[in-house]
Every structure is written in structure tokens, then in C-alpha cells.
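User: Please go through the labels given to this model and set each value against the criterion behind it.

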Amino acid sequence: MDKMQTKTGLLFGSFDPIHIGHLVIAEFLLHHAGLDEVWFVVSPHNPLKVAEQIIEIKHRVQMTRLAISGYTAFKLCEVELDLPQPSYTIDTLELLRKTYRKRTFNLIIGSDNLAEFHRWRDFEKILEQFKLLVYPRLPIRQTPFDQYKSVTLVQAPIIEISSTYIRNMFSENKCARAMIPGLVYDYIIEHKLYVRS
């Protein structure tokens, strides 16, 4: 590998909403996995999720932009907004590799996603061509992919915060301020997101 290449971690997500758990994992991997940058790739529609349940993409992009402002090594990646929907990770990875030839891309996923990795389109190709950095999510369970040479299980902090939990907190009119960056919280309140009509 070219020593001058920038080692870039890709954290894909709906970010509906982005929360402090995403930032903790990204910062941990930045410093403990030898990454130069972490890109937050906002996915308009995860093929394994129901599109109608997801907040409008413009809000998720802006919340992500606000959350990572001030982190010089964190970047917003909007590449999937211009791809056919639903977008597939393999297509995005191949496009990024072709577009940014001086970067090596590492896919960042939770162990819960690794357990379901066989459901991803062309998962074999991803394992063959890209490195995966896998952070723990409860419950911890072994997967057929744990021993792959392209898979690194990272002993990152276990963050039991989810976007689903935060959305439920808002819908029940409960405070979730401590779980999301301040600018994101203010944006949610201003635009009345996640509240029951």
C-alpha cells in the first residue's frame, strides 16, 4: 500500500438522529485504529429498513453536519444522495475508491451488523476488497466473519444508545438532551422532529 495514502474510516448510517454514541465510536477509532479521518456517510435509504419510517434526508444531513462541526478529522460524505435508491454499500465503496485514489477506505460497522453481514449485497466482495473495523454492540455474539483477515474486532467502548431509543424519547415528550450534541438537539426542537402530531 502507498504510504502516502490517507487512511479513511467510513461510518455509514441513517443518522436518524445522529447521537453522541456515533461520535464516541468515531473518535475512538480515529485514535486507536490508525485512521487519519472518519467520514460520516449519510444513507438516504438503508435497504434493510422501511423508507417511510425515516426522517427526510435534508434534516439528517444537516444534523450530521452540525454534530461533527468542530471535529477537524470528521467529514460529512453525501455521495449516496446522488446514487440510485436504495443505495448499497458495495456500490458506494467502489465509487469512493475510484474517486479518491490516494485514500484507503475502512468500513466501520457494529458487531450487530457483522452478524447480519451475509444479508448485505456482495458481502463477499466487500470482505475481499476492503477492511472492516467492527466495534462491539450488545449482545456480543460470535459470527462466521470474526476470523476473516479483513475484519478487525476493536475493543471500543460499548455505547448502549440508539437512534430508535432517542426517537422514542422525543415522541413520548421525554428529554434526550444528554444523548445528542447540543446543536443537533436545538435543530430537532426548532424543526419539531420526532414529535407526535
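Analyst: A salt bridge is taken here to be a side-chain nitrogen of Lys or Arg within 4 Å of a carboxyl oxygen of Asp or Glu. The model is predicted, so local features need pLDDT of at least 70 and side-chain atom pairs count only at pLDDT 80 or more, whereas totals for chains, interfaces and linings use all residues. Residues are numbered from 1 along each chain as its sequence is written, and side-chain values use heavy atoms, with hydrogens and water left out.

User: Why is the contact between glutamate 94 and lysine 125 called a salt bridge?

Analyst: The side chains of glutamate 94 and lysine 125 meet at 3.7 Å, N to O, and because the criterion asks for a distance within 4 Å, the pair qualifies. Glutamate 94 belongs to helix α3 and lysine 125 to helix α5, so the bridge ties together parts that are 31 residues apart in sequence; helices here are DSSP runs (H or I, at least four residues), and strands are runs of E with at least two, numbered from the N terminus.

User: What makes glutamate 94 partly exposed?

Analyst: Its relative accessible area is 28%, and partly exposed is the class between buried (under 20%) and exposed (over 50%), computed with a 1.4 Å probe on protein chains only. Lysine 125, with 30%, is partly exposed as well.

User: How do you know that the buried residues of α3 line one face of the helix?

Analyst: In α3, which spans residues 89–99, Thr89, Ile90, Thr92, Leu93 and Leu96 are buried. Viewed down the axis, these buried residues fall within an arc of 160°, so they line one face; the arc is that of the directions from the helix axis to the C-beta atoms. Their cover includes β1 (6–13), β2 (37–42), β3 (74–77), β4 (103–110) and α5 (123–129), where contact means heavy atoms within 4.5 Å.
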